[in-house]
Every structure is written in structure tokens, then in C-alpha cells.
Amino acid sequence: MNTNKNTALYEKMAAEQDKFRDWLKSHPPEEILNHAYEYTVREDILMAMEELDLPQSRAAALLASPSPLADVYKEFADRETSYMDVVRDSIKQRAEAALDAQRELPLYRHDAAYAREQGNLDLYRASRRANIACKEAIEASLSEHYRDNRLDRDAVPQVIEQFGYTRTLYVLANTVQQMEWDGRFSPANKAWAKTVDIPPNPDGFGGDRNLDFVVDSHPGLVDLFLSQARQDYLRLQPLTPEEIHTEAARLLQELRAPDTPNSPHGTHYMARVSPDFLARAGTQAHDQLMALLPFRSLAITGMKDLPGIYVTILASEDRSKELRQRRPSVRRQLKQEPCSAEKKAPVRKKKEPER
């Protein structure tokens with residue numbers, strides 16, 4: 001500020017704020033809180049006035065007011081600003097950052113004693129708190145999404161979005177291991193849980209810290225949740241060559257089974273491709289499947305009024321053919337070849353005739 005009017009206006013506003021502050025101090029805490037927002041905004045107005053250089057006429061007009069600071073605050077309060085939009089956006093951004101941090105927190109797979117020896121207690125404790133929070137999220141999701149004797153498809157994604165598959169499946173495996181005696185868990189899920197390495201984690205009183213993240217819901221519901229989580233996770237994994245070969249063998253068997261063409265118009269033999277295969281297969285897996293089936297007229301297509309995707313062959317095809325052999329991987333062959341090349345036989349020099 002380089003004008004007398006602006007200086008005088010700032011000093012008058014500052015004195016007005018000092019008076020307002022003294023007035024606030026004379027009131028009980030509840031009343032002070034009621035005016036906290038107003039006080040903060042008035043402080044911001046004063047801060048802006050330290051650098052603002054109003055034209056002389058406007059500064060003089062505002063200076064003539066008995067309470068210019070209160071007038072400016074009222075003008076601000078009456079305006080529709082983007083302040084609340086900024087607040088809401090800040091909440092959303094912070095929540096997203098917190099969710100990312102929660103998902104990316106590494107799963108600590110060792111007990112407290114090992115963590116202490118390695119100096120990793122902070123990481124262990126953070127992971128353990130996340131395990132307990134994941135267990136509570138599963139319980140909440142089961143409570144929210146189980147209705148009419150069925151578990152909604154949204155139950156698992158709700159938890160996975162928060163904690164990811166690695167931690168969620170770890171917590172579920174721990175739950176099944178701790179309740180292995182319960183017949184309401186399926187044999188398949190029990191067998192899977194045994195493959196997950198969860199070390200015992202005893203406390204100093206003879207208890208087991210792993211009990212802290214056992215899902216405390218009906219075991220039958222937990223089993224449904226686990227089956228869905230395992231299936232959803234599996235669908236994210238790329239198909240192995242063995243799985244593609246298994247699907248091809250199954251399709252070949254189904255193409256051979258009918259005595260007469262089984263397509264809607266009776267011109268082709270057809271077999272439905274497994275939905276699980278389709279859910280996991282990319283373009284390369286589709287190409288590998290088609291390459292294994294030994295038919296010139298082979299096509300993969302949908303059928304009108306029939307669900308799913310089918311492979312079809314003309315009725316004239318020879319269905320006794322066997323699957324084609326998979327071509328060996330060039331990269332694997334190169335890895336298997338010896339690194340050192342065979343030594344070439346020494347070249348014999350031609351002797352010159354004696355003279």
C-alpha cells in the first residue's frame with residue numbers, strides 16, 4: 001500500500017478486528033466457537049488488505065463506513081463461493097490417498113518375535129492393524145450384502161477395493177485355519193487354506209495373536225465369501241498352457257459326443273466354451289486354443305437365443321482327429337541349448353610340394 005487512504009483503511013479495519021477479538025474473549029467458549037468462522041475470514045480480509053492497493057476514491061468510500069471490516073465480511077458471506085466445493089474435493093482427495101496407502105501397505109507374513117529381531121516392528125504392527133481392519137470390513141460386508149438367503153456379488157469387491165486380494169485372502173485363510181474343525185467350510189476351501197503359510201504368533205500370555213483377525217460371522221457365509229473371492233482372483237490370473245490344453249481337450253470331447261450335428265440348423269457340431277476360460281482368456285489364449293483343435297472349418301461364435309460362446313465345425317469334418325501338439329517355445333529351446341558353441345575342427349593347411 002502506498003497511499004494514505006489505503007493505510008488509513010487498513011488501520012481502521014485492524015482496530016475493528018482488535019475490538020471484535022476483545023468482544024469474543026468476553027464470551028463463553030460455545031459463543032466463541034459460533035463466531036470462529038467469521039473471525040478467521042476477517043483475519044484473511046486483513047491479510048489481503050496488506051497488499052491490496054485500492055483506488056483513492058474507493059478506499060475513501062469504504063473508509064467512511066463505521067465498520068468497513070464487517071461490511072466486507074458481510075459482502076463475502078452473501079456471495080456464493082466455491083469454498084465448500086474445495087472442502088468437498090479435499091475430503092475426496094484425502095480419502096482416495098488414504099485408500100491407496102491402505103491397499104499398498106505390504107502384508108507382513110512373519111510373527112512378532114521375528115519382526116522384533118529384524119527391527120520391523122512398525123511394519124508388523126501396521127500390517128496387523130490392517131489385517132484386523134480387513135476382518136472387520138468382511139464382517140460389515142457380509143452383514144450388508146447377505147439378504148434373501150443369498151450373498152450379493154458386491155460383497156467381495158467392496159472389501160477388495162479397500163484391502164486388495166493379497167490381504168483379504170490372507171485374513172480368510174487364517175479364519176479357516178483357526179476354525180478348521182467347522183464342517184460349514186467346504187473341503188475345497190479348507191484344502192486351499194492349508195496352502196497359505198500363516199506362522200503361529202503367540203503372545204506373552206499363551207494366547208494367539210492370529211485370533212485377532214478371525215472373521216466373526218456365520219461360517220457358512222464366510223465360506224461363500226471366500227469361494228467368491230477365490231474365483232474372482234483366479235479370473236484375474238492369465239491362463240497357463242496346461243489350462244488351455246485342458247479346455248481344448250474338453251471341447252474336442254464334446255464335439256465328438258453327439259451322433260448327429262447339434263447346431264440349431266443341424267449343419268454343424270458345436271461345444272460351448274467354458275465361461276471361466278472366457279473370463280480369463282486374452283487374444284493370445286484364444287489363438288492357442290484354436291491352434292490346438294484339429295479342424296479346418298473351426299470357428300468360435302455366439303449363437304442366437306443361446307447363452308455363451310461356442311466352437312463349431314462342419315458336419316463333414318473328421319471328428320476322430322487328435323489335438324494338435326503344442327509348438328515348443330523358441331525361448332525355452334534357446335534356454336535349454338548349451339551356451340558354448342561346438343568347437344570347429346582345425347583347418348589343415350595344405351602342404352606345399354617339395355622341390
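Modeller: A crossing of two helices counts as left-handed if the near helix is turned anticlockwise from the far one by less than a right angle, and as right-handed if the turn is clockwise. Please note that this is a predicted model: local features need pLDDT of at least 70, side-chain atom pairs count only at pLDDT 80 or more, and totals for chains, interfaces and linings use all residues. Residues are numbered from 1 along each chain as its sequence is written, and side-chain values use heavy atoms, with hydrogens and water left out.

Biologist: Which hand does the crossing of α1 and α3 have?

Modeller: The crossing of α1 and α3 is left-handed. Helices here are DSSP runs (H or I, at least four residues; strands are E, at least two), numbered from the N terminus.

Biologist: At what angle do the axes of α1 and α3 cross?

Modeller: Axes are lines fitted to C-alpha atoms, for helices over the stretch in contact, with angles from 0 to 180 degrees between N-to-C directions. Helix α1 (residues 4-25) and helix α3 (residues 36-49) have axes that come within 10 Å and cross at roughly 160 degrees. The pair is therefore roughly antiparallel, the label for angles over 145 degrees; under 35 is roughly parallel, 65 to 115 roughly perpendicular, and the rest oblique.

Biologist: And which residues of α1 and α3 make the contact?

Modeller: On α1 they include Leu9, Met13, Glu16 and Phe20, and on α3 they include Tyr39, Arg42 and Leu46; contact means heavy atoms within 4.5 Å. By class, the contact of α1 with α3 has 9 nonpolar, 1 polar and 5 charged residues. Ala, Val, Leu, Ile, Met, Phe, Trp, Tyr, Cys and Pro count as nonpolar, Asp, Glu, Lys and Arg as charged, and the others, Gly among them, as polar.

Biologist: Now salt bridges. How many does a search of the whole structure find?

Modeller: The search finds 19, where a salt bridge is a side-chain nitrogen of Lys or Arg within 4 Å of a carboxyl oxygen of Asp or Glu. One of them joins arginine 42 to glutamate 16, with the closest N and O atoms 3.9 Å apart. Arginine 42 belongs to α3 and glutamate 16 to α1, so this pair ties together parts that are 26 residues apart in sequence.

Biologist: Is arginine 42 buried or exposed?

Modeller: Arginine 42 is buried at 3% relative accessibility, and glutamate 16 is buried at 14%. Buried means under 20% relative accessible area, exposed over 50%, and partly exposed in between (1.4 Å probe, protein chains only).

Biologist: What about arginine 88 and aspartate 85?

Modeller: Their side chains meet in a salt bridge of 2.7 Å, N to O. Both lie in helix α6 (residues 83-104), 3 residues apart, which is about one helical turn. Arginine 88 is partly exposed at 43%, and aspartate 85 is partly exposed at 45%.

Biologist: Changing topic, which residues make the contact of α8 with α11?

Modeller: The axes of α8 (residues 121-145) and helix α11 (residues 219-235) come within 11 Å and cross at roughly 100 degrees, so α8 is roughly perpendicular to α11. Ile138, Ser141 and Leu142 of α8 meet Leu221, Val222 and Phe225 of α11. These residues divide into 5 nonpolar, 1 polar and no charged.

Biologist: What does alanine 229 contact, beyond its neighbours within four places in sequence?

Modeller: Alanine 229, in helix α11, contacts Val156, Tyr165, Leu169 and Leu172 once those neighbours are set aside. Alanine 229 is buried at 0% relative accessible area.
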